[in-house]
Every structure is written in C-alpha cells, then in structure tokens.
Amino acid sequence: MEPMLIQDVLKILPHRFPFVLVDRVLRAEGGEVHALKNVTVNEPFFPGHFPQEPVMPGVLIVEALAQASMFCLHGEMEPGTIGYLAGVEGARFKRKVIPGDQLHLHAKLEFLRRGLGKTTCRAEVDGQVAAEATILFAVAKG
C-alpha cells in the first residue's frame, strides 16, 4: 500500500483542525496500522499544558491512537460510518511527548463484531514506547 497523505486521511476521518491527530498513514493492511503524528510547538494545547515545559496531554495521545485505529478497518467501513470511542483499557504512559517529536502510532485490530471493535495500540517516539492502551470502539452511521 502507498502511504496515505493528509488529504487521504481527511477523506476517512471526520475530525478537522485542531482535532485531527493523524498526519499520515504509512501502512494499513491485515488489520494493522502504522501512522504518524508530527508534534509541533504550534499545537493549540501547548500554551496551557504546560507553558514552561510543553507536554502533549496523555488523553490526546490516546485520541491519536483511537483515530489511527480506524485505519485498521480501511476498505471495510461503509461510506458515512464513523468509529466512536467506547472505552479505553490499560492506558499507560511511559515517556513525555514534546514539541519536535514524531509520534508513531501502531494499532492492531483484535476483533470487530456487530459494530463493536477492539484494538491494541502503542505510541512510540524514537523507538521508545510513549504510551500503550486498548481501545474499544463502536462503528455506526454518522
């Protein structure tokens, strides 16, 4: 598969600035995804989290993982369907994510049945795990 650039990402995700947290999908096949989020000092959350030491909020790392998870279903979702976050299990944060980092988002589809799904996810920076979580989602018409 060719990498999906931001124009392709925006055709699939319903999110828009400032909430789209996937910049590129490098690979999406066989229920597994590798996507990127380039973290810049211009992110709208950095002035308040924290002004003296900007750190990407953990909840936004989880949201980035949830958005990347939707690409596990690439080519399988009907047009007009949206994945809604239904739960987060076992979220762990192992290192700070700061401006200049490139967040590598990895997701693996564990199951999808009757519109409910589960992915195991991890976010890495420079080959180190920054966060891990299991994402539960519901797929429905938007």
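In an unreviewed entry, UniProt lists H49 under "active site", where positions follow the numbering used here, feature names are shortened, and annotations may be inferred rather than shown by experiment. This is a predicted model, in which local features need pLDDT of at least 70 and side-chain atom pairs count only at pLDDT 80 or more, while totals for chains, interfaces and linings use all residues. Residues are numbered from 1 along each chain as its sequence is written, and side-chain values use heavy atoms, with hydrogens and water left out.

**Exercise 1.** Describe where H49 sits and what surrounds it.

Begin with the loop between strand 2 (32-38) and helix 2 (58-69), which holds H49; helices (H or I, at least four residues) and strands (E, at least two) are DSSP runs, numbered from the N terminus. Next, H49 is partly exposed because its relative accessible area is 23%, given that buried means under 20%, exposed over 50%, and partly exposed in between (1.4 Å probe, protein chains only). Finally, leaving aside neighbours within four places in sequence, H49 is in contact (heavy atoms within 4.5 Å) with P54, V55, M56 and P57.

**Exercise 2.** Decide whether H106 is buried or exposed, and locate it.

H106 belongs to strand 4 (residues 102-113). H106 counts as buried because its relative accessibility is 15%.

**Exercise 3.** Characterise the largest nonpolar core.

A nonpolar core is a set of buried Ala, Val, Leu, Ile, Met, Phe, Trp, Tyr and Cys residues joined through side-chain atoms within 4.5 Å. The largest has 37 residues, and M56 and L105 are among those with the most contacts inside it. Helix 2 gives the most to this core, with seven residues.
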